[in-house]
Amino acid sequence: MALTDTKFNLATHQRAERKKLATVVEWQSSEGRFYVLQESEPADWSSKFTSYYTKDGDTYTAVTGSTAPTWAASTYYTRVERELLGRRTEDSSIEYNPDIETSTDILGINYADVNKTQPSQEFSPHLILGGSRLSEYLNDKRRRNAISEISNFTAYIITLFIGDTTNGYATERHSDCTITYDSLGGESNVDFPITVHYSNDITVGTIDEFKEGFTFTPETGNVG
Amino acid sequence: MDKNEAIITYLLQCPAIQNSPLYFNFINAKDDNKQIVTQANDKIIDKPFIDGSIQKRFTFTIMDYKSIAYTAVVKELNNMSATLVYPNENLEDIIDVQGIIDWISEQEVLRNYPDFGEDCVIDDIKALSDNPSLNSVDTSTNPPLAKYSISIQINYVDYSQVLFN
């Protein structure tokens, strides 16, 4: 599936509803509901190959053996969990936080150079809700202060106002993102606001459907 | 399910309601009859979330009609003290109406809510006052009827417009 037309699928002057910009995060989980095809050899392949899966028909089977099999692209699957962010959140934006260096020449002309962007997105409030697997996962890290374990998320920024059901919807995948929990408490309900720190390790592609079980397809020749 | 039907089905679990005739919006008022009156729920308080879900509020009022008695609740014994005359119909009636409010409070603790369908998640249900209001007394009927009211508020999230699930 390839998205050949990146124009907005909106009528002239039609506004894009906020719900058409979705952020989904994904993390490796032995109890995850989804499987993602590995496109490249994971860093822990030699030591944790048994946490990956092969697929036969609709059945996924964990890799077994005493030593890691030879890596083969598009053969092994990672078991993951996913969650759409923004339940009970009224307002959230991706802040790109550009690091800008400006200068002015002797003619008074201004120049601006962007050294880098450090995109992040805060979700506040982010209430503790029954059924939220991400909150359960992050709360476990919080209880153990396991801050080394909160930097392995994949984040998908999905723009449902670009694309269609035939060609898929434009999506940016950021690998190895960090999600920080910013506080815990609140008034009448427990709030657990979080911030997604995007890695800028981007793969551009498409997703095929509006469900957490979507398949992400990278664009060929995309610039990461 | 229509929300009004869901409310009626729900209220029929209430002991203070299930043994009395229950009417919807229109009633030929008689002693111990109860009436659900719908209220316009202002959309301006709807709170949209970024996933497309919307926090909404459903409010309705229960009217409870009770015959009244012109009986003093205290009997003066002397200049220094008085005693409660019991039973007193008016006092017993308001305790009966209060039972609806108490039942609603118990259901909130139990998280027993009306069934608004699979697209809605109810956050809470509560009576808007701790005790019933006495709205009016109709002395043209025989016996005269007091009209008590209780406003009930349900806060819920409507997920029907969510695109991504």
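Two strands pair if DSSP finds at least two bridges between them; strands (E, at least two residues) and helices (H or I, at least four) are DSSP runs, numbered from the N terminus. The model is predicted: local features need pLDDT of at least 70, side-chain atom pairs count only at pLDDT 80 or more, and totals for chains, interfaces and linings use all residues. Residues are numbered from 1 along each chain as its sequence is written, and chains are lettered from A and ligands numbered from 1 in the order in which they are written.

**Exercise 1.** Describe how E3(A) and E4(A) are joined.

*Solution.*
1. Strand E3 (residues 52-56) and strand E4 (residues 59-62) of chain A run antiparallel and are joined by 4 bridges.
2. Thr54(A) has Thr61(A) in E4(A) as its bridge partner.
3. The two strands, E3(A) and E4(A), form a hairpin with 2 residues between them. In its turn, Gly57(A) has a positive phi of about 65°.

**Exercise 2.** Characterise the largest nonpolar core.

*Solution.*
1. A nonpolar core is a set of buried Ala, Val, Leu, Ile, Met, Phe, Trp, Tyr and Cys residues joined through C-beta atoms within 7 Å. Buried denotes 20 or more other C-beta atoms within 10 Å of a residue's own, with C-beta atoms placed from the backbone.
2. The largest such core has 27 residues; Val25(A) and Ile179(A) are among those with the most contacts inside it.
3. Elements giving two or more residues to this core include strand E1 (21-28) and helix H2 (133-144) of chain A. E10(A) supplies the largest share, 6 residues.
4. Apart from this core lies another, of 24 residues, including Tyr10(B) and Cys120(B).

Note on methods: Buried ≥ 20, exposed ≤ 12 C-beta atoms within 10 Å, placed from the backbone.
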